Amino acid sequence: MDIKQTLALTLVSILTLSTPISAHARNCIKGKPCGKGCIALNKTCRIDTQPSSKGDTLRYDPALQPGAVIRRSVLKLPKVYIVTAESVNAKESPYSSNITGRYKQGQRLFVYETEHAWARISNMQPDEWVQLEALRLK
């Protein structure tokens, strides 16, 4: 390799390694959210257990937490719905008056859970709920 190729390769390496990578688990479709990232389906998120003595890593230690239960959640892929109403407001919860967003007719929404006449369309905080009667299963 000549000096130009070596310098170019070094520059690309420095730029690649210094670029911050943002981990955001808002749409973990194939995995499940855990903290700021996604984990595999067959793994358990232990983000809510006590930290170990080794830095910031959160680990489950049976000696420190006897009888602690780590709940495994079953991943359900969201169902795709279409907004049929002219527009529909999204709220923080089915019982809240705080509007967090608005969706127009024809937009596709991922529904993660339904409760009575409401559908949860976000899988991270803050939750967004819309009225189920304004949606149609695609």
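This is a short talk on the fold of one protein chain, taken from a predicted model.

Hi everyone, and thanks for coming. The mean pLDDT of the protein chain is 75, and 61% of its residues reach 70 or more. One stretch to treat with care is residues 51-57, where pLDDT stays under 50. For that stretch the model has 4 contacts beyond four places in sequence.

Now for the overall layout. What does the protein chain contain in the way of helices and strands? There is 1 helix, and there are 10 strands. Of the 138 residues in the protein chain, 25% are buried. The accessible surface comes to about 10600 Å², and carbon and sulfur atoms account for 55% of that surface. Here is one more number for the whole chain: take the contacts between residues at least 6 apart in sequence, and 45% of them join residues at least 24 apart.

Let's go inside. Which residues make up the largest nonpolar core? It has 12 residues, and among them are Tyr 81, Val 83, Val 88, Ala 90, Leu 109, Ile 121 and Leu 135. Three strands each supply at least two residues of this core: E3, at 79-83, E4, at 87-91, and E6, at 108-111. Leaving aside neighbours within four places in sequence, Ile 121 is in contact with Ala 90, Tyr 103, Leu 109, Phe 110, Val 111, Tyr 112, Glu 128 and Val 130.

Next, the sheet around E3. Three strands form an open sheet, in the order E6-E3-E10, with antiparallel pairing. Why is one side of E6 and one side of E10 left without a neighbour in the sheet? E6 and E10 stand at the edges and have a single partner strand each, so one side of each has no neighbour there. From one strand to the next, the twist averages 40 degrees. For anyone new to sheets, the strands of a sheet pair through backbone hydrogen bonds, either parallel or antiparallel.

We can look at each pairing in turn. E3 and E6 are joined by 4 bridges and run antiparallel. Across that pairing, Tyr 81 has Leu 109 as its bridge partner, and Val 80 has Phe 110. On to E10, which covers residues 135-137 and pairs with E3 over 3 bridges, again antiparallel. There, Val 83 has Leu 135 as its bridge partner. Tyr 81, Leu 109, Val 83 and Leu 135 are also on the list of core residues.

E4 has a pattern that I like to show. One of the partners to look for is Ile 99 in E5, which is the bridge partner of Lys 91.

Finally, a quick tour of some loops. Is Ser 96 buried or exposed? Ser 96 sits in the loop between E4 and E5. Its relative accessible area is 14%, and the cut-off for buried is under 20%, so Ser 96 counts as buried. Asn 123 is in the loop between E8 and E9, and with a relative accessible area of 17%, Asn 123 is buried.

Two other loop residues are exposed. Leu 77 lies in the loop between E2 and E3 and has a relative accessible area of 56%, so it is exposed. The C-alpha atoms of Leu 77 and Tyr 112 are separated by 7.2 Å, with the two residues 35 apart along the chain. His 116 is found in the loop between E7 and E8, and at 72% relative accessibility it counts as exposed. His 116 also has a positive phi of about 55 degrees, although it is not a glycine.

Notes
Residues numbered from 1 in each chain as written. Predicted model: local features only at pLDDT ≥ 70, side-chain atom pairs only at ≥ 80, totals over all residues. Heavy atoms only, no water. pLDDT = per-residue confidence, 0-100. Contact = heavy atoms within 4.5 Å. Core = buried A, V, L, I, M, F, W, Y, C linked by side-chain atoms within 4.5 Å. Buried < 20%, exposed > 50% of the residue type's maximum accessible area, 1.4 Å probe, protein only. Pairing = 2+ DSSP bridges. Axes fitted to C-alpha atoms, helices over the stretch in contact; angles between N-to-C directions. Areas by Shrake-Rupley, 256 points an atom, 1.4 Å probe, with all protein chains shown as cover.
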